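Subject: A structure for you to look at

Hello,

Here is the structure I promised to send over. Have a look at it first, and then read on for what turned up.

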Amino acid sequence: MTSHMITADSAGTWALGDLTVNRIGFGAMRLTGSAAFHHGTPSDRDRSIAVLRKAVELGVNHIDTAAFYFSSLRSANEIINSALAPYADDLVIAAKVGPLRDYSGQWATWARPDQLRGHVEENLRQLGRDHLDLVYLRRSEQRWDSIAEHFGALAELREAGLVRHLGISGVEPRHLAEAQAIAPVVSVQNRYGLGQHAPDTDELMRTCGEQGIAFVPFFAVAGAGGAKAASTDHDEEVLAVARAHDASPSQVRIAWTLHQGPHVLAIPGTGNPDHLTENVAAGALRLTADELDRLNAVHHKAD
């Protein structure tokens, strides 16, 4: 498919509360290096800045980031600030709080409820903003059976004006109802993709669609590679669909994700300007019913 003329509005829009975004967004995790966090080598800062500015030129108005997205030399939030401030009125920046990495880059103890204000304020400081458009509570699967106390702390920050909208991440279906009893939830962000099948997450995605809540998968393109690298292990069905559309396997993975429902958003990340253009163009890829059936079968047989 021809990619260079396609913009982020090709997949349509969705409302995060009172904020309308194009369904193709941008994940900032890979701005900092060849792989996320402490993996890989730090990125070229000027190239990362150029990628962000190109994303906005292509109509991307939804950026997903976090203060814990940094490598030994680069900070995703600092790069976003340098590239895009002063921010356009229609640009929505979402951040995640809960996890913490210390100055050496090692994962530290996750935040207590009373520490979440500090996490939000650190994102504000790095981004140079006075409020965050959307904040996700990233649940610690090992430690938090209930998210009520943590989510309640974020709800207080929303009332104080530091946060405009709230989301939850890394959760089970029961956590959505738990959070909604405290404050409105506009978005849910879980690991989800063509190559991963978790019945609970499929259920959560359907529930979000029924309730008009955005579902924002992460690692939809990276697959099993996760934070370290994008997947290069593609099922033959994915390759066949890619050939039929003269598209890349990554574009097929993004398109399949978007075809799961109008409430499903994509936030593919990259530090490569060519990959950025391809990712945005994937929003215009229209899969046939037969292709969707074949790809859905790949998803359901995945581990």
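**What was found**

H62 is found in strand β4, which covers residues 62-66; helices (H or I, at least four residues) and strands (E, at least two) are DSSP runs, numbered from the N terminus. Before going further, please keep in mind that this is a predicted model, where local features need pLDDT of at least 70 and side-chain atom pairs count only at pLDDT 80 or more, while totals for chains, interfaces and linings use all residues. Residues are numbered from 1 along each chain as its sequence is written, and side-chain values use heavy atoms, with hydrogens and water left out.

Back to H62: its relative accessible area is 0%, so it is buried (buried means under 20% relative accessible area, exposed over 50%, partly exposed in between, with a 1.4 Å probe and protein chains only). Not counting residues up to four places away in sequence, H62 touches L16, V21, G25, F26, L91, V92, A94, L265 and I267, where contact means heavy atoms within 4.5 Å.

**The protein overall**

The secondary structure comes to 10 helices and 9 strands. A compact globule of 303 residues would have a radius of gyration near 19 Å, and the protein agrees with that at 18 Å (taken over C-alpha atoms; the globule rule is 2.2 Å times the number of residues to the power 0.38). Along the principal axes, the C-alpha atoms fill a box of roughly 50 × 45 × 35 Å. Of the 303 residues, 57% count as buried. Among contacts with a separation of 6 or more, 74% come from residues 24 or more positions apart.

The 12 residues of α3 should span 16 Å at 1.5 Å a residue, and the end C-alpha atoms are 17 Å apart, which agrees; the expected span is 1.5 Å times one less than the number of residues. In α3, the buried residues are L116, H119, V120, N123, L124, Q126 and L127. They pack against β4, α2 (76-84), β5, β6, α4 and β7. After α3 comes G128, with a positive phi near 70°.

G161 follows α4, and its phi is positive, near 90°.

Which residues does L154 touch, not counting those up to four places away in sequence? They are V97, L116, V120, V135, Y136, L137 and L166. L154 lies in α4 and counts as buried because its relative accessibility is 0%. From L154 to A111 is 43 residues in sequence and 12 Å in space, C-alpha to C-alpha.

**Helix α8**

Finally, P249 lies in helix α8 (residues 249-258). Leaving aside neighbours within four places in sequence, P249 is in contact with H234, V238, L239 and A242. P249 and A160 are 89 residues apart in sequence and 44 Å apart in space, C-alpha to C-alpha.

Best wishes
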